[in-house]
Amino acid sequence: MRKAMIAFGLLFFCTLSGWSQARLSTHWEELTAGDFRSAIQQSQGACLLPFGILEKHGPHLPLGTDLLNVRYAALHAADQEYAVVFPEYYFGQIFEARHEPGTVAYSRQLQLDLLQETTDEMARNGCKKVIIVNGHGGNENLLPFFAQSQMEKPHDYVVYVLGLVEPPAGGPPRKSTGPDWHAGEVETSATMVSHPELVHLDRAKSESGADLGRQKLADNLYTGIWWYARFPNHYSGDGSAATSEMGQYKMKAWIDGMVKAIRAVKADGESLRLQNEFFEKVKHPLDTRP
Ligand SMILES: [Zn+2]
């Protein structure tokens with residue numbers, strides 16, 4: 001009798017609080033077709049596309065580090081501010097690590113076509129606000145270019161790009177010195193939070209992540225070989241200095257940054273309105289007046 005009363009009470013509570021609705025999965029692939037419809041409604045059309053990569057991460061981190069970490073942060077963010085999260089996506093720019101084992105580098109054209117078809121399909125399914133959440137440094141030029149190229153043709157949706165989120169000052173002090181850009185202290189720390197079982201801290205010193213600085217060119221002269229010139233082991237920094245304390249700080253800042261971005265995107269009606277206005281004018285530029 002007591003159990004029945006508790007069960008009834010719980011049911012009543014859930015109905016009142018709308019808990020059953022709030023419990024919709026954030027994972028696109030876990031939703032039924034019917035629940036997907038509700039999920040899009042609940043997310044107000046805001047969907048996350050966490051973007052990882054498959055590449056060497058020093059001697060001590062898994063190939064999928066960027067994918068694993070960006071998904072960890074995105075899924076935690078979507079738990080705080082509901083959004084539908086697209087499945088594993090790792091088809092980005094990583095030509096600079098093709099000399100290392102386990103790198104999967106799709107051609108330039110395929111990267112752009114696949115991303116376009118992916119966001120088109122997301123939008124066709126109601127994701128009118130696609131937030132691409134970048135988890136990989138090698139995509140930092142690709143993604144703004146992709147977003148800008150959305151101006152080529154009219155779309156009934158908006159692509160937002162959330163670049164890498166740097167943690168605010170005031171966290172645990174870094175122990176290592178010099179560039180810390182790939183599989184170094186901070187990224188290793190973050191992976192100790194997301195997937196501690198995949199971090200081989202004892203191997204972190206078996207290769208050098210030092211900056212070799214082999215190219216002597218001014219900062220505003222760009223070449224594709226710059227990364228290899230500086231970090232030929234596809235390792236930048238010293239992962240052995242990692243701590244879970246630093247990882248918690250980094251991850252929390254990343255998740256907070258994503259939550260903020262999801263809220264801002266949900267509140268934004270102006271981007272699509274301006275996009276529509278722009279494409280209307282594109283049809284007859286001679287009529288455009290200041
Ligand atoms: Zn990485």
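Tutor: Let us begin with a cysteine link. The link of C47 and C127 is left-handed, with -75° about the S-S bond. Please keep in mind that this is a predicted model.

Student: What makes the link between C47 and C127 a disulfide?

Tutor: The S to S distance of C47 and C127 is 2.1 Å. A disulfide requires two cysteine sulfur atoms within 2.5 Å, so the pair qualifies. A search of the whole structure finds one disulfide.

Student: Let us turn to the zinc ion. Which protein atoms are its donors, and how do you know that they count as donors?

Tutor: The protein donors are H57 through NE2, D66 through OD and E187 through OE, at 1.9 to 2.0 Å from the zinc ion. The cut-off for donors of this metal is 2.8 Å, so these atoms count as donors. Water is not among the atoms, so the site may look incomplete.

Student: Helix α7 has now been mentioned. Why is α7 called roughly perpendicular to α9?

Tutor: The axes of α7 (residues 185–194) and α9 (residues 244–267) cross at roughly 85° and come within 7 Å. Angles of 65 to 115 degrees count as roughly perpendicular, and therefore α7 is roughly perpendicular to α9.

Student: Which residues make that contact, and of what classes are they?

Tutor: From α7 the contact is made by E185, V186, S189, A190, M192, V193 and S194; from α9, by S244, M246, G247, Q248, K250 and M251. By class, the contact has six nonpolar, five polar and two charged residues.

Student: Why is Q150 called buried?

Tutor: Q150 has a relative accessible area of 4%. Buried means under 20%, so Q150 is buried. Q150 lies in the loop between α6 (142–148) and β4 (158–162). Apart from residues up to four places away in sequence, Q150 touches Q116, H155, Y157, V159 and F279.

Student: What makes L201 partly exposed?

Tutor: The relative accessible area of L201 is 31%. Partly exposed covers values between the buried limit of 20% and the exposed limit of 50%, so the term applies to L201. L201 is placed in the loop between α7 and α8 (226–230). Not counting residues up to four places away in sequence, L201 touches T188, M192, G239, S240 and A242.

Student: How do you know whether R174 is buried, partly exposed or exposed?

Tutor: R174 has a relative accessible area of 37%. That value lies between 20% and 50%, and R174 is therefore partly exposed. R174 is found in the loop between β4 and α7. Leaving aside neighbours within four places in sequence, R174 is in contact with P179, D180, E185, V186 and M246.

Definitions and conventions
Residues are numbered from 1 along each chain as its sequence is written. This is a predicted model: local features need pLDDT of at least 70, side-chain atom pairs count only at pLDDT 80 or more; totals for chains, interfaces and linings use all residues. Side-chain values use heavy atoms; hydrogens and water are left out. Axes are lines fitted to C-alpha atoms, for helices over the stretch in contact, and angles run from 0 to 180 degrees between N-to-C directions. Helices (H or I, at least four residues) and strands (E, at least two) are DSSP runs, numbered from the N terminus. Angles under 35 degrees count as roughly parallel, over 145 as roughly antiparallel, 65 to 115 as roughly perpendicular and the rest as oblique. Contact means heavy atoms within 4.5 Å. Ala, Val, Leu, Ile, Met, Phe, Trp, Tyr, Cys and Pro count as nonpolar, Asp, Glu, Lys and Arg as charged, and the others, Gly among them, as polar. Donors are N, O and S atoms within 2.8 Å of the metal (3.2 Å for Na, K and Ca); water is not among the atoms, so sites may look incomplete. Buried means under 20% relative accessible area, exposed over 50%, partly exposed in between (1.4 Å probe, protein chains only).
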